[in-house]
Amino acid sequence: MGQSGRTALVTGGNRGLGAAIARALSDAGHAVIVTCTPANSQSVAWVGPQDYEGGPFAVYGVDVADDQSTEALARQLHADGHHVDILVTNAGITRDASLREMDQSTWDAVLRTDLHSMFNMTRPFLEPMLERNWGRIINISSINGSKGQFGQTNYCAAKAGVHGFTKALALEVARNGITVNTVSPGYLETEMVMALREDVRKRIVQDIPVGRLGRAAEIAALVAFIAGDAAAFMTGSNVAMNGGQHMS
Ligand code: CAA
């Protein structure tokens, strides 16, 4: 248990933005559980380097696109004596293609992982937060959920949906000490963005007024603030951090 007495769960916390968020929440004094896909959880080699100041994060496997898997995770965490006070739904994928080139399975994969996961992950963890009358739910969307992006009809639809989910749930639990917010990062120096074709990535950076990609740690610091007591009056918000790209 960290000094705050609270436990945070970060989906997709094994790499990229999720790993930075896990670190920032740990630095803020929370115990941290990270989840990754069941196949990845078998190889937890990456936990080694994270083993600093406060010990390793607990790692669990879950398929956020599958409600049976998320319910099994909630049961397992309960059996292992954990309770989740801070839920960060960060796991997500891209499968970029123009709509004319996109097949049904590509559409479904992104909607299931990036949007259906909001329902799957939140529902099993909400009741215990209501019982304790305290909770923080932070849903990671994207600048592209509001701006749109060529080649991302699936991802933009899912990420726009994330904020609709946030607002509706924020209203439902506002009187119960639980805040629900969306964080919408711009393009970051993560594997997901570095996988873009170089010419495409260069064009995107040209559209970012500060002239660079964001750092995962910059978004993570924002998430840590929202997870704390100081942010109790913030709910249903969509907080953007994108180097000014939303104005381009
Ligand atoms: N606006 C207008 N036209 C565009 C365009 C744009 N942004 N991007 C491409 N086009 C046009 C091209 O000019 C080209 O036109 P012509 O055939 O007339 O020359 C045509 O569309 C095809 O473009 P590509 O050569 O790029 O086509 P492709 O099939 O090789 O690739 C693609 C298509 C995969 C969608 C590619 O364009 C791409 O990767 N785009 C970027 C998508 C993107 O930004 N993804 C973000 C991933 S990271 C992330 O999502 C994290 C986050 O939250 C920010």
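Okay, let's start at the ligand: one of its oxygen atoms sits 3.3 Å from an N or O atom in the side chain of Gln149, which counts as a polar contact (a pair of N or O atoms within 3.5 Å). Tyr187 has a polar side-chain atom 2.8 Å from a ligand oxygen, and for the side chain of Arg197 the N or O atom is 2.7 Å from one. On its own the ligand exposes 1100 Å², and the protein buries 56% of that; the areas are Shrake-Rupley with a 1.4 Å probe.

Before I go on: this is a predicted model, where local features need pLDDT of at least 70 and side-chain atom pairs pLDDT 80 or more, while totals for chains, interfaces and linings use all residues. Numbering runs from 1 along each chain as its sequence is written, and side-chain values use heavy atoms, with hydrogens and water left out.

So who's around the ligand? There are 17 residues, and Asp96, Ser142, Tyr155, Tyr187 and Arg197 come nearest; being near takes a heavy atom within 4 Å. That shell splits into 8 nonpolar, 6 polar and 3 charged residues, with Tyr counted as nonpolar and Gly as polar. Helices H8 (191-194) and H9 (198-206) each supply at least two of the shell residues, and H9 gives the most, with 3.

Zooming out, the protein chain has 10 helices and 7 strands, taken as DSSP runs of at least four residues for helices (H or I) and at least two for strands (E). The C-alpha trace spans about 50 × 35 × 35 Å along its principal axes.

Key
A polar contact is a pair of N or O atoms within 3.5 Å; within protein, one must be able to donate a hydrogen and the other to accept it, and residues adjacent in sequence count only if both atoms are side-chain atoms.
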